[in-house]
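Work through the exercises below with the structure in view. Try each task before reading its solution.

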Amino acid sequence: MLIDRLGVPVDPDLLELALTHRSYAYEHGGAPHNERLEFLGDAILGKAVTVKLFTDHPDLDEGDLAKRRASLVSSVALAEIGRSLDIGSFLRLGRGEERTGGRDKSSILADAVEAVIGAVFLSCGDEIATELVLRLVQPLADDPERFGALDPKTSLQEVAARRGAGVPVYSVTATGPDHSRLFSATVTVSDLVTATGEGSSKKQAEMAAALEAWNRLVRHKRKAGVPDPGR
């Protein structure tokens, strides 16, 4: 069970909410979903990582600290954490997300990790939530390469350049009423990869699509033992 993997006594109802994607909520009459918990978890994550870096690296200036923090709280990093916990197996998704591989979409996994952190904070308090964050990010903090991935769009463009694939091309569509728009972005990197992502803004959708494409090009290839040209 996910509670066992987290190693903290999080409230089961809050954990279920943290794992409920908006697509599931939409198909079930507007049931609650995890975006409020995601908002809370993002703040807790940022504070815990900021304090850790400030304490552990008294020799670094503000710019270097900001760079490392941005990397550790990025969607790229959070998606890796989500996969290490196998959070995808526990998600509650709508039928459309199920069909399109939502359980392994980097943006969905990253959001769920933040929501789980928020659920742990509400269940166990700040100290235990902070301990969880630090335990989850430590393997990434120990990886020097982690500090090269500041954001998915930048990282994807760098990978594309190394492979001589040109600039990633984005297209975005929007659906839904004005007060609740859902944006869907598609990014294409030459003939290497095409990926999609969704968000409540054009920027969020493009970031989600870039994260998915970057993950396919870099992380999956590393697992298979394929070198990334130019590294």
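Helices (H or I, at least four residues) and strands (E, at least two) are DSSP runs, numbered from the N terminus. The model is predicted: local features need pLDDT of at least 70, side-chain atom pairs count only at pLDDT 80 or more, and totals for chains, interfaces and linings use all residues. Residues are numbered from 1 along each chain as its sequence is written, and side-chain values use heavy atoms, with hydrogens and water left out.

**Exercise 1.** State how many helices and strands the protein chain has, and their order.

Solution. The count is 11 helices and 3 strands. Along the sequence the pattern reads α-α-α-α-α-α-α-α-α-α-β-β-β-α.

**Exercise 2.** Work out how β2 is joined to β1 and β3.

Solution. Two strands pair if DSSP finds at least two bridges between them. Strand β1 (residues 169-175) runs antiparallel to β2, with 7 bridges. Strand β3 (residues 193-199) is also antiparallel to β2, again through 7 bridges. Now take A185 in β2: V172 stands opposite A185, and the bridge partner of A185 in β3 is G197. Finally, β2 and β3 form a hairpin with 3 residues between them, where S190 in the turn has a positive phi of about 50°.

**Exercise 3.** Sort the side chains of β2 (residues 182-189) by face.

Solution. In a regular strand the side chains alternate between the two faces of the sheet. On one face of β2, F183, A185, V187 and V189 are buried (under 20% relative accessible area, 1.4 Å probe, protein chains only).

Key. Buried < 20%, exposed > 50% of the residue type's maximum accessible area, 1.4 Å probe, protein only.
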